[in-house]
Amino acid sequence: MKIRAAGVALVLSVAGVLPAVAQERTTAEEIARYRQLLQDGNPADLWEVRGEGLWKQKRGPKNASLERCDLGLGPGVVKGAYAVLPRYFADADRVMDLETRLVHCMTTLQGFSFAEATKTPYGSDVVRSDFEGLVAYITAESRGMAMNAPLSHAKEKEAYRLGERMFFFRGGPHDFSCATCHSESGRRIRLQDLPNMTQPEDAKRAYTTWPAYRVSQGEVRSMQWRLFDCFRQQRFPELAFTSEASIALTTYLAQKARGGAMDAPAIKR
Amino acid sequence: MTRRTLAGAIALTLVAGCATMSDAEVRQRSLDVMKASFKERGQAKLDRLNQDEVQALCSRAPTDPPLAKADEERLVTAQRAAIRYPADGRLLGDWREGEKIAQTGVGKQFSDNPSVPAGGNCYACHQMTKEEISYGTIGPSLYQFAKLRGYGEDMQKYAWGKVYNPQAYTACSTMPRFGHNGILTEDQIRHVVALLMDKDSPVNK
């Protein structure tokens, strides 16, 4: 709550009435200082602890934990798993990102139905999402590791190509695509810097800092949420949680971020 | 704004070298996958995934060949012909109302109330006035738009056309077609044009 209040105070000071030219540098400096302050305490720690608990807790009709879940590096291996996702899984015969794989394990190991497992993909003021805890825990276990999702299986290559097409797909009343905001360097919306996801440096910086604790929302948000909310702002219909399009796009973006050191969960405004 | 890079051609060679589907097949499959992956919600129905010719031809990755000059000209000509100017010839509204529309970002999202008028959100991408320092840089600065270009009727018509349909001037512009796609009403566009064209507007100070 304290952090949220600080955010509000900053927004108010930024929106002040001093002449623009004199204030421009100060504003940028203030934002940099605000971001620095945020780094000192990231509440995502709390989500990580909750996620680890959820991972180890026996749940569902089969009363099983997720500790036998194979995230790609073998059953139960969490360390480093996120840095090599999305990837092809032979047991499901398709490419999966982290959230999709978690749903797979919840249904196969714990016995939940798909509908039960995906009932709350994103948390709100009234209900928390298990996924936001789980992804916080699992991605933190790849912190410092280089993004190295495989691109060797035919289905991984296909997902990449589909994701690329979707990234540049223009539609809706505003003609927006992902690329409208994320394919040129050094641009911003209002004062918000936009990563150019087609360039390695920007793509690495952006991809490796999701999931993230969003100060403005008081929640850890996953990569699935990031895409869901981008499409909302693109004026598209709702991107379904763990849908094939969401996995293809994540595959495309993960490849663009290849080599970047994971630094998630991060903290963002 | 169009995007074509040489880097794209290199990436194409790398990716296409090991792929089994043709580009046309990938395009069709990506559309099928998208239609299966989105759910209608609120005012955002699935028909928003049905592209018109502009959207289809402007959905280009850096790995695609650039849009052919002939296609570019055809698009611009067709979009230009579809611009509707007000029947009463009145192009300028109230710049104060225009400023509010320029500041407002809601509208057409599934999270928006469809009975609330949409905004233009001009500041998201453009500098407009000296007073508003929170502006984006996806589009060019419009500060002193008419002061630099003139206040005459031709410029007013040009400003109307650009807001109504930027594709009528620049093929594959990133800017929304506010009039053509029914985002803003005729009256709202009048106000935005006044914000750009009125001598008293802070845009021209």
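User: In which sense do strand β5 (residues 212-214) of chain A and β8(A) pair, and over how many bridges?

Analyst: Strands count as paired if DSSP finds at least two bridges between them, the strands (E, at least two residues) and helices (H or I, at least four) being DSSP runs numbered from the N terminus. Here β5(A) and β8(A) pair in the parallel sense over three bridges, and A:Arg214 stands opposite A:Lys268 in β8(A). This is a predicted model, in which local features need pLDDT of at least 70 and side-chain atom pairs count only at pLDDT 80 or more, while totals for chains, interfaces and linings use all residues. Residues are numbered from 1 along each chain as its sequence is written, with chains lettered from A and ligands numbered from 1 in the order in which they are written.

User: Which strands form the open sheet, and in what order?

Analyst: The order is β6-β5-β8 in chain A, with mixed pairing; β6 (219-221) and β8 (266-268) are the edge strands, each pairing on one side only. The twist averages 35 degrees from one strand to the next.

User: How are two packed helices described?

Analyst: They are described by the angle between their axes and the distance between the axes. An axis is a line fitted to C-alpha atoms, for helices over the stretch in contact, and angles run from 0 to 180 degrees between N-to-C directions. The axes of α3 (residues 44-56) and α6 (residues 130-140), both of chain A, come within 7 Å and cross at roughly 100 degrees, and α3(A) and α6(A) are therefore roughly perpendicular (65 to 115 degrees) to each other.

User: How many residues of α6(A) are buried, and what covers them?

Analyst: A residue is buried if 20 or more other C-beta atoms, placed from the backbone, lie within 10 Å of its own. In α6(A), 11 of its 11 residues are buried, and what covers them includes α3, α4 (98-108) and β6 of chain A.

User: How many residues does the largest nonpolar core have?

Analyst: A nonpolar core is a set of buried Ala, Val, Leu, Ile, Met, Phe, Trp, Tyr and Cys residues joined through C-beta atoms within 7 Å. The largest has 70 residues, and those with the most contacts inside it include A:Ile138 and A:Met166. Leaving aside its neighbours within four places in sequence, A:Met166 is in contact with A:Ala245, A:Ala248, A:Leu249, B:Ser30 and B:Met34.

Key: Angles under 35 degrees count as roughly parallel, over 145 as roughly antiparallel, 65 to 115 as roughly perpendicular and the rest as oblique. A residue is buried if 20 or more other C-beta atoms lie within 10 Å of its own, exposed if 12 or fewer, and partly exposed in between; C-beta atoms are placed from the backbone. Two residues are in contact if their C-beta atoms, placed from the backbone, lie within 7 Å.
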